[in-house]
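I opened this structure to look up a few things. My notes follow in the order I took them.

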Amino acid sequence: MTAPFTPEVVAAVSRHMNDDHAEDSLLICRALGGQPTATRARATNVDAEGMEFAVTVDDIEVPVRIPFAYRLTERAQIRQEVVRMYQQACQRLGLSPRSVD
C-alpha cells in the first residue's frame with residue numbers, strides 16, 4: 001500500500017496541527033485515542049488511514065493512532081477528517097465545538 005502523502009505534506013500537516021491546533025489534538029486524543037488523562041498531544045504522522053500523535057500521560061510520552069473514517073486519497077480530505085474527529089471528540093466530552101469555517 002503506497003502512502004498518498006509526501007513527506008513534505010506530512011511535515012506541513014503535523015506542523016500546522018502542532019502550531020495552530022494543539023488543544024484540538026489533545027481533545028481528539030483524550031476522547032478518541034483512549035487517553036482521557038493526557039496533558040499534551042503532538043501530531044507526528046498522517047497517512048491515508050489515520051493520524052498519529054505522541055501523547056503525554058503521567059509525564060510519559062505514548063504513541064496514539066486515530067483512524068480516519070475512510071481511506072484518504074487527497075490532501076484536502078485531511079482537514080475534513082480532522083474537523084470530523086474534533087467535532088466527534090467534543091461531542092463525546094460534552095463540549096460545544098467552536099465554529100470551524
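In which strand is N45 found? I find N45 in strand β1; helices (H or I, at least four residues) and strands (E, at least two) are DSSP runs, numbered from the N terminus. I am working on a predicted model, where local features need pLDDT of at least 70, side-chain atom pairs count only at pLDDT 80 or more, and totals for chains, interfaces and linings use all residues. Residues are numbered from 1 along each chain as its sequence is written, and side-chain values use heavy atoms, with hydrogens and water left out.

**N45.** N45 is partly exposed at 25% relative accessible area (buried is under 20%, exposed over 50%, partly exposed in between; 1.4 Å probe, protein chains only). Setting aside neighbours within four places in sequence, N45 contacts V10, S14, G50, M51 and E52 (contact means heavy atoms within 4.5 Å). I also checked N45 against A89: they are 44 residues apart in sequence and 19 Å apart in space, C-alpha to C-alpha.

**M51 and the core.** I followed M51 next. Not counting residues up to four places away in sequence, M51 touches V13, M17, N45, V46, V64, R65, I66, F68, I78 and V82. The largest nonpolar core has 29 residues, and I28, M51, V55 and I78 touch the most other members. Such a core is a set of buried Ala, Val, Leu, Ile, Met, Phe, Trp, Tyr and Cys residues joined through side-chain atoms within 4.5 Å. α1 (7-20), α2 (22-32), β1 (40-46), β2, β3 and α3 (76-93) each give two or more residues to this core.

I traced β2 (residues 50-57) and β3 (residues 60-67), which pair in the antiparallel sense over eight bridges (strands pair if DSSP finds at least two bridges between them). A54 stands opposite P63 in β3. Two residues lie between the strands of this hairpin, and D58 in the turn has a positive phi of about 50 degrees.

**Cysteines.** How many disulfides are there? I count zero, taking a disulfide as a pair of cysteine sulfur atoms within 2.5 Å. The sulfur of C29 is 13 Å from the closest cysteine sulfur, in C90, so it is too far for a bond. C29 is buried at 0% relative accessible area. C90 is buried too, at 1%.

**Rings.** I found zero aromatic pairs. I did find the charged end of R98 over the ring of Y86, 4.8 Å from its centre; the rule wants NZ of Lys or CZ of Arg within 6 Å of the ring centre and within 35 degrees of the ring normal. For aromatic pairs, ring centres of Phe, Tyr and Trp (its six-membered ring) must lie within 6.5 Å.

Terms used: Rings of Phe, Tyr and Trp (its six-membered ring) pair if their centres lie within 6.5 Å; planes under 30 degrees apart count as stacked, over 60 as edge-to-face and the rest as tilted.
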